[in-house]
Amino acid sequence: MAYNFAFLDEDTKRMLRRALLKAVAIPGYQVPFGSREMPLPYGWGTGGIQVTAALLGPDDVLKVIDQGADDTTNAVNIRRFFSRVAGVATTEHTADATLIQTRHRIPETSLREDQILVFQVPEPEPLRTLEPREAETRTLHALADYGLMHVKLYEDIAQYGHIATSYDYPVLVDGRFLTSPSPIPKFDNPKLDRSPALMLFGAGREKRLYAIPPYTRVESLAFDDHPFEIQRWEQQCELCGSGDSYLDEVVVDDRGTRMFVCSDTDFCSGRRMEAQA
Amino acid sequence: MTAALMLELRDLSKSFQLHHLHDARLNVLRGLDLRLHAGECVALSGPSGAGKSTLLRVIYANYRPTLGAVHVRHGERWLDLAKATPHEVLDVRRHTLGYVSQFLRVIPRVPALDIVAEPLLQAGMDEQQARQRAGDLLRRLNVPERLWPLPPGTFSGGEQQRVNIARGLIARRPVLLLDEPTASLDAQNRNIVAQLLAEARAAGSAVLGIFHDEDMRDRVATRLFPMQTLEAA
Amino acid sequence: MSALLQVRGVSRLYGSRIGCEDVSFDLHPGELLCIVGESGSGKSTLLNTVAAQLAPSSGSVQYRQRHGGWLDVGGLSEADRRRLAREEWGFVTQNPRDGLRLNVSAGANVAERLMALGQRNYRQLRDIARGWLERVEIDPTRIDDAPTSFSGGMQQRLQIARTLVTQPRLVFMDEPTAGLDVSVQARILDLLRRLVNELGLAAVMVTHDLAVARLLAARTMVMQGGRVVETGLTDQILDDPQHPYTQLLVSSVLTT
């Protein structure tokens, strides 16, 4: 059986592109779309895959990462899927990619205007845990009535002494829409602000798309006396020595020995190669 | 120099229609005329059932008159309370017309001192000063200080009456209506009330009252207004 | 002083059934108006219609805003309705659980309306919340407890704090003490009486209990079968009822 280029039929791509145009026209606004049956179940990145499929052209160079790594099972599977159904070139180098599909991280390497970052999103609605009703959250967004989110942040400080959200930290896009940046660590939130790259978000199960166009203002919510802060480590990456990238804590043996390494594998190997040269 | 006219009743009538007792009609007041001037103390006299309490309540707009007018001098204007809006009546009660009922209406949980201070607080006095003045007046009326923080629900009749009087007299009112203010009081306290009334009159207030005790009435009243029971319709 | 609320000929029908019919009244700043009636009298329908929770079938409700302009409440968009409810009005529901966020702390409940109005300093929000908990006689050390651990009376006092913290110009209350024990009720009524006086609130309160009207309201409206049968000064209505229904109500009340 021969598949259409990038798996989806052209009408489906047209539907997705129209939805994406709407999303770009209204930064941070969740656009409903007709999510298709994909060869992966819900919860495995079907939203991100559909966005990527709608955008890929034969000259694109695709990178796929999962928690920053190119070599996890999910990243490998998705990359292989697209190389089979689209025949596009793939890469592990951020700087060489034209389109990057990511689960739960933004690459450390700064992105450019000619690059697109596609996020896999499990729950597009930042207010969902606070307000279970879809009709109500839609109304809150329409009215820019976001007091509820501040209640949640207040509760965090009251309970933990600080805002306890460490990933999927809510942001206000272009001063208007409250948006979930997907479960990226809050460490990555500053990268959203006025990025030269186009950032697109796809939630397959929830059937929503949204976008942060290039150079859009993105602010992470906070209180005046509890301002937004990113995570920091005392340690540096044991492999490349980086002190300002997001570090994973890895258990290396049965005695509980740990080491800290960059979560972004391409970034880390790039630094190591530079050091050797 | 003639004292200013403060209150004028014209052709005042009051009947009660009891819809659930076969529409029985009780005629209590008919065609009353009365004029009250600043500095006067007019005592309503007459037998029980003559409508003395009813008249005071009609003037205070607690009862609605069936016919006639209740003109009161409110600041620079004259207002007919029989035709005034609730908003206007409340304003008159707040500034011009004071009423000491026969029995203290008890509100749960509110201390006696606060009950007495309330008219001053409503007039804008600061809390400290209002409580101070309330305490002074209660002391003068021989209400012991240990009772001040207590709600008056458990007080004796005489103590309740003195709290009621204090509340009614603490803020100056150009017209004062008093319904049996000394009924439960001993001689000493009746004297004190008589003094308070004299002071109010000297300050220009016009007083209209019912005094069951003839001694008291003779002491405080400058004029009598006799009333009679109407025949039942 | 100019009126804050002007209700003219308001009717609310449910199909052919009358919820309330042809009701008119004015409300001034600092006034508390009680709407009294038994079940089915239309008092709650009237309250909800005036408070913009229901659209009137006919008639008008006009509200004078903080900055002076008059607003036709019946014709508001959802956005404006919510803005009004957030910025200038308050609504105390009969069941405090309908007016609170039960899964969020007492402090967050009180602070929410302030945050919705743009307050962004955590410490200040907390100080204000603590102050209000004290004002409604809730131990301020319970600021981080969820209201699910509060008694019914405490929940209602929390709802009152949550509603009044933004000093709304107009407050609607639907039987705020119904269903509570007598001693608890007394405490809450005393609280409301003091707060209404201190804050100079304008309020419309629905109750079936004449004693509550006597205690709190300078003016009362008596409703029966969807219509206002008598209206005026509370003490006059209760002491000298004119309408047969009012006379029946007043004479039916048990006294201790």
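When I say two residues touch, I mean they have heavy atoms within 4.5 Å of each other. With that in hand, Gln185(C) touches Thr177(C), Leu180(C) and Asp209(C), once you set aside residues up to four places away in sequence.

Okay, before I go on: what you have up there is a predicted model. On confidence, chain C averages a pLDDT of 92, and 99% of its residues score at least 70. For the complex, the predictor reports an ipTM of 0.90 and a pTM of 0.85.

Let me stay with Gln185(C) for a moment. You'll find Gln185(C) in helix α7 of chain C, which runs over residues 182-199. Is Gln185(C) buried or exposed? Its relative accessibility is 17%, and the cut-off for buried is under 20%, so Gln185(C) counts as buried. Now look across to Gly153(C): Gln185(C) and Gly153(C) are 32 residues apart along the chain, and their C-alpha atoms are separated by 7.6 Å.

Here's a pair from chain B with that sequence spacing. Glu88(B) and Leu120(B) are also 32 residues apart in sequence, and their C-alpha atoms are 20 Å apart in space. Glu88(B) lies in helix α2 of chain B. With a relative accessible area of 27%, Glu88(B) is partly exposed. Leaving out neighbours within four places in sequence, Glu88(B) is in contact with Arg77(B) and Leu79(B).

Start with chain B against chain C. How many residues does each chain bring to this contact? Chain B puts in 22 residues, and chain C puts in 25 residues. Together they bury about 2,000 Å², with 49% of that on carbon and sulfur atoms. Counting residue pairs in polar contact between chain B and chain C, with both residues at pLDDT 80 or more, gives 14.

Which elements of chain B supply at least two residues each to the side that touches chain C? Those are β1, residues 5-18, and α2, residues 86-95. Of the elements of chain B, α2(B) gives the most to that side, with five residues. By class, the side of chain B that touches chain C splits into ten nonpolar, five polar and seven charged residues.

Next, chain C against chain A. Here the contact takes 21 residues from chain C and 18 residues from chain A. The buried area is about 1,700 Å², and carbon and sulfur atoms give 60% of it. Within chain C's share, Arg82(C), Arg120(C) and Tyr122(C) supply 42% of the area that chain C buries against chain A, more than any other three residues.

There are two salt bridges across this interface. Look at Glu136(A) and Arg82(C), whose side chains meet in a salt bridge at 3.1 Å, N to O. As for polar contacts, there are nine residue pairs between chain C and chain A, again with both residues at pLDDT 80 or more.

On the chain C side, α2 (78-87), α4 (106-116) and α5 (122-135) each supply at least two residues of the face that touches chain A. The biggest giver is α4(C), with six residues. That side of chain C has nine nonpolar, three polar and nine charged residues.

Let's zoom in on α2(C). Which of its residues are buried? They are Arg82(C), Leu84(C) and Arg86(C). The buried residues of α2(C) pack against α4 of chain A, residues 134-142, and also against β4 (58-64), β5 (70-72), β6 (89-92) and α4 of chain C.

Last stop, chain A, and a glutamate in a loop. Glu108(A) sits between β4 (99-103) and β5 (116-120) of chain A. The relative accessible area of Glu108(A) is 13%, which means that Glu108(A) is buried. What does the side chain of Glu108(A) make a polar contact with? With the side chain of Arg105(A), at 2.9 Å. Beyond its neighbours within four places in sequence, Glu108(A) is in contact with Phe187(A), Lys191(A), Asp244(A), Ser245(A), Tyr246(A), Asp264(A) and Phe267(A).

That's my tour, so over to you.

Note on methods. Residues are numbered from 1 along each chain as its sequence is written. Chains are lettered from A and ligands numbered from 1 in the order in which they are written. Side-chain values use heavy atoms; hydrogens and water are left out. pLDDT is the predictor's confidence in each residue, from 0 to 100. Buried area is the accessible area (1.4 Å probe) that two parts lose on being put together, summed over both. A polar contact is a pair of N or O atoms within 3.5 Å; within protein, one must be able to donate a hydrogen and the other to accept it, and residues adjacent in sequence count only if both atoms are side-chain atoms. Helices (H or I, at least four residues) and strands (E, at least two) are DSSP runs, numbered from the N terminus. Ala, Val, Leu, Ile, Met, Phe, Trp, Tyr, Cys and Pro count as nonpolar, Asp, Glu, Lys and Arg as charged, and the others, Gly among them, as polar. A salt bridge is a side-chain nitrogen of Lys or Arg within 4 Å of a carboxyl oxygen of Asp or Glu. Buried means under 20% relative accessible area, exposed over 50%, partly exposed in between (1.4 Å probe, protein chains only).
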